[in-house]
Amino acid sequence: MHDIPPFPAVWSAALAPWGGPPALGAALPALREAYRSEPTFPPASHVWRALECCPPDDVTVVILGQDPYHGPGQADGLAFSVPRGQAVPPSLRNVFKERWTDLGVAPPPHGDLTAWAQQGVLLLNTSLSVRAGCPGSHADGRWDALVSAILRYLDAQNRPIAFWLWGAHAQKCGRFLSNSQHLVIRSAHPSPLGAYRGFWGSKPFSTTSEWFKTQGATGPDWSADLPTFEP
């Protein structure tokens, strides 16, 4: 089945002042055509999953990646996450390794990040879809307006939110973030090709946890057990 579910209503309402509905309308034709004509990930039923798992009022941290995994069975709709039973991809292994060196939390035996999403971590990519086997194939501008609307809405919020911009795509997409109430961490992407350029030692986990304390707020529990997600 390639039916694309309705865009989450709570996000549609939140994004209306920021151009969300027109941006969504502009993205949908290409998205529908992609699922109709070519193998596309994540499964159509999961294309809005990051937003479904994390309503706008619950967002405390935004982890912005590039695009979904392009291998069969990997993409589950959450940036960097894979369903249980899939091998943990190299980028996510590096995220877990950085968490280990930063917090001393051992890597879990799987790569399902649903527990983070349920704690208000918006696991968003700059492109919400990708053609099978072709990384960056949907990074042609079709998602720019919608992702920008999401980030602009969150940047305007009068509460502390941490933004982790991992890699050049994410940093370009979030270049306008300017609300001094928020924390913005910019670093290299955790992929093996880029992690050595500044991802290692960036300490996003401890930095964010300590920052939330200074704001009198509670951030995610990065040591929480990661439960199983079955697609």
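## Exercises on a predicted model

Let's start with Ser 137, which sits in the loop between strand E4 (130-131) and helix H6 (144-155). Helices (H or I, at least four residues) and strands (E, at least two) are DSSP runs, numbered from the N terminus. Residues are numbered from 1 along each chain as its sequence is written. This is a predicted model, where local features need pLDDT of at least 70, side-chain atom pairs count only at pLDDT 80 or more, and totals for chains, interfaces and linings use all residues, while side-chain values use heavy atoms, with hydrogens and water left out.

**Exercise 1.** Decide whether Ser 137 is buried or exposed, then find what its side chain reaches.

*Solution.*
- Start with the cut-offs: buried means under 20% relative accessible area, exposed over 50%, partly exposed in between (1.4 Å probe, protein chains only).
- Ser 137 has 17% relative accessibility, so it counts as buried.
- Now the polar contacts (pairs of N or O atoms within 3.5 Å; within protein, one must be able to donate a hydrogen and the other to accept it, and residues adjacent in sequence count only if both atoms are side-chain atoms). The Ser 137 side chain reaches the backbone nitrogen of Arg 131 at 2.8 Å and the backbone oxygen of Cys 134 at 2.7 Å.

**Exercise 2.** Work out which residues Gln 86 touches, leaving out those up to four places away in sequence.

*Solution.*
- Find Gln 86 in the loop between E2 and H4.
- Its relative accessible area is 28%, so Gln 86 is partly exposed.
- Look for contacts (heavy atoms within 4.5 Å): you get Pro 72, Gly 73 and Gln 74.
- Zoom in on Gly 73: its backbone oxygen lies 3.4 Å from a polar atom of the Gln 86 side chain.

**Exercise 3.** Explain why strand E3 (residues 121-125) is largely enclosed by the rest of the structure, and find its pairing with strand E2 (residues 61-65).

*Solution.*
- Check burial: five of the five residues of E3 are buried, so the strand is largely enclosed.
- Sort the directions: Val 121, Leu 123 and Asn 125 point one way, Leu 122 and Leu 124 the other.
- Two strands pair if DSSP finds at least two bridges between them; E2 and E3 have five, in the parallel sense. In one of them, Gly 65 partners Asn 125 of E3.

**Exercise 4.** Find which elements the buried residues of helix H4 pack against.

*Solution.*
- List the buried residues of H4, among them Leu 92, Val 95, Phe 96 and Arg 99.
- Follow their contacts: they pack against helix H5 (114-117), strand E5 (162-166) and helix H8 (204-214).
- Step past the end of H4 to Gly 104, whose phi is positive, near 80°.
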